[in-house]
Amino acid sequence: MQALMKWLTRSGRVEVGRQQEMGKSMDLAHEAKARGIKYFLISYLDLFGHMRAKLVPAAAIGKMAKEGAGFAGFATWLDMTPADPDLFAMPDPASLIQLPWKPEVGWLAADLWMDGKEVEQGPRNVLRRQMKKAAERGWEMKTGVECEFFLISADGKAISDGADQAPKPCYDQQALMRRYDVITEICDSMLALGWNPYQNDHEDANGQFEMNWDYDNALITADRHAFFKYMTRAIAEKHGLRATFMPKPFIELTGSGCHAHVSMWQNGTNLFSDDAGELGISKLGYQFLGGLLHNADALAAITNPCVNSYKRINAPRTTSGATWSPNSITYTGNNRTHMIRIPDAGRFEFRLADGATNPYLLQAGILAAGLDGVENNRDPGQRLDIDMYVEGHTVKDCKKLPLNMLDAVRALESSQVLKTGLGENFVKSYAKMKHAEWNDFTKHLTEWERRNTLDC
Ligand SMILES: [Mg+2]
């Protein structure tokens with residue numbers, strides 16, 4: 001890690017193109033020797049966000065870096081069959097992260113290839129395609145993500161801290177400090193990795209935490225987001241606990257969101273910033289925001305990807321007083337009751353996504369929807385400065401979010417914008433896998449159904 005940090009310090013905050021160029025030429029075998037890396041994890045996320053990897057000894061990394069690590073794609077959550085040829089995960093050397101808690105292992109994010117071609121449904125591939133489209137305009141999207149998670153018991157049944165029972169536990173210092181050892185081990189790791197973490201807190205639900213690090217280029221943020229989830233789970237396990245990013249693990253408590261702060265840059269200038277614009281946002285910023293509003297129902301299939309996601313959005317009030325999640329497709333100023341909040345000049349916060357979202361698809365979806373807004377001059381209309389939780393019913397013709405995963409997936413399938421933006425084949429594969437998941441879910445008989453229907 002020292003070597004990587006020195007490299008970053010020497011080059012400063014390099015643009016991703018330059019960083020990738022430097023990374024591509026990075027000789028991983030040489031890096032292994034210089035940094036004492038014995039094994040590499042060549043890693044990718046499948047469509048459902050599960051992290052898959054091969055553990056490769058440093059002696060074999062030269063060949064793997066050239067040819068990729070082989071996988072049977074159908075055995076993971078990808079739309080493939082046993083008749084398909086080998087799937088190759090091609091590591092991106094620029095993504096190298098030496099595990100802070102096990103420095104003899106180097107983690108590498110990978111893009112997916114098959115038959116000498118990029119795999120269209122590969123989540124990191126989807127994001128890179130989107131970023132290329134923005135780069136053709138000379139633009140670079142930068143984002144920061146706010147990852148919320150619960151620390152629960154190893155068996156997954158309850159929050160891990162029996163004393164964490166306050167009815168309004170947000171920012172609870174006593175409960176935060178009872179988890180000091182876990183939270184600071186994660187934060188120390190981010191400091192060592194040069195991510196510039198700047199705050200950690202106890203969130204709005206009992207057992208829930210959030211940790212924040214600096215925003216950056218969307219691909220860097222997506223790699224870090226993917227790694228953060230792995231790191232948080234791994235460090236929690238070291239402490240005999242379990243970390244979960246499940247959107248709504250406890251029905252009466254606030255769920256885990258993944259708010260994203262978005263801005264667009266060109267040659268060091270923030271294109272969303274305009275002192276003369278309403279709330280300091282430029283015309284381009286409002287067009288981009290308009291694209292997110294226009295496509296939100298279809299986008300929900302990506303930002304809120306599972307059955308459980310719809311227990312977080314559209315949810316009744318939690319015991320803490322508010323759900324912290326949107327229930328309608330609206331935007332506002334510095335007000336946490338809408339889907340998009342403009343907290344400050346030059347950026348906005350997209351509050352729809354939850355902890356289950358695939359880090360690469362989240363960024364790709366935001367960019368595809370936003371670029372549609374720009375290309376088609378989507379007008380977001382007037383912002384709403386009301387408490388949406390209390391006065392939402394007074395807004396006429398307010399677009400609502402999908403009420404369940406099936407509605408969201410159907411909206412995605414009929415969205416020409418996202419099919420064109422993210423790729424027809426990606427949408428087809430993703431929707432097919434999600435329909436299979438929904439069908440599996442409907443095979444389960446719930447206790448609620450029995451209680452309400454036995455005597456019908
Ligand atoms: Mg939060």
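Start with the whole chain: the centres of domain 1 and domain 2, taken over C-alpha atoms, are 26 Å apart. Select residues 2–121 for domain 1 and residues 130–447 for domain 2; these bounds come from an automatic or database domain assignment. What you have open is a predicted model, in which local features need pLDDT of at least 70, side-chain atom pairs count only at pLDDT 80 or more, and totals for chains, interfaces and linings use all residues. Residues are numbered from 1 along each chain as its sequence is written.

**Between the domains**

Domain 1 gives 18 residues to the contact and domain 2 gives 25 residues, where two residues are in contact if their C-beta atoms, placed from the backbone, lie within 7 Å. On the side of domain 1 that touches domain 2, select α1 (2–11) and β6 (105–114), each of which supplies at least two residues. Helices (H or I, at least four residues) and strands (E, at least two) are DSSP runs, numbered from the N terminus. That side of domain 1 has 12 nonpolar, three polar and three charged residues. Here Ala, Val, Leu, Ile, Met, Phe, Trp, Tyr, Cys and Pro count as nonpolar, Asp, Glu, Lys and Arg as charged, and the others, Gly among them, as polar.

**Confidence**

Colour the chain by pLDDT, the predictor's confidence in each residue, from 0 to 100. The chain has a mean pLDDT of 93, with 95% of its residues at 70 or more. Residues 1–22 have pLDDT below 50, and this stretch has 22 contacts in the model beyond near neighbours in sequence. Where pLDDT is low, the predicted coordinates should not be read in detail.

**α5 and α8**

Next select helix α5 (residues 123–136) and helix α8 (residues 218–238), which pack at an angle of about 160° with their axes 10 Å apart. Axes are lines fitted to C-alpha atoms, for helices over the stretch in contact, and angles run from 0 to 180 degrees between N-to-C directions. α5 is therefore roughly antiparallel to α8 (angles under 35 degrees count as roughly parallel, over 145 as roughly antiparallel, 65 to 115 as roughly perpendicular and the rest as oblique). Show Leu127, Arg128 and Met131 of α5 with Ala218, Leu219 and Ala222 of α8 to see the contact. By class, this contact of α5 with α8 has five nonpolar, no polar and one charged residues.

**α10 and α11**

Move to helix α10 (residues 296–303) and helix α11 (residues 359–375), packed at about 165° with axes 9 Å apart. This makes α10 roughly antiparallel to α11. Leu299, Ile302 and Thr303 of α10 make the contact with Leu361, Leu362, Gly365 and Ala369 of α11. The contact of α10 with α11 comprises five nonpolar, two polar and no charged residues.

**α9 and α11**

From α9, Leu284, Gln287, Phe288, Leu289, Gly290, Gly291, Leu292 and His294 meet Ile366, Ala369, Gly370, Leu371, Asp372, Gly373 and Val374 in α11. By class, the contact of α9 with α11 has eight nonpolar, six polar and one charged residues.
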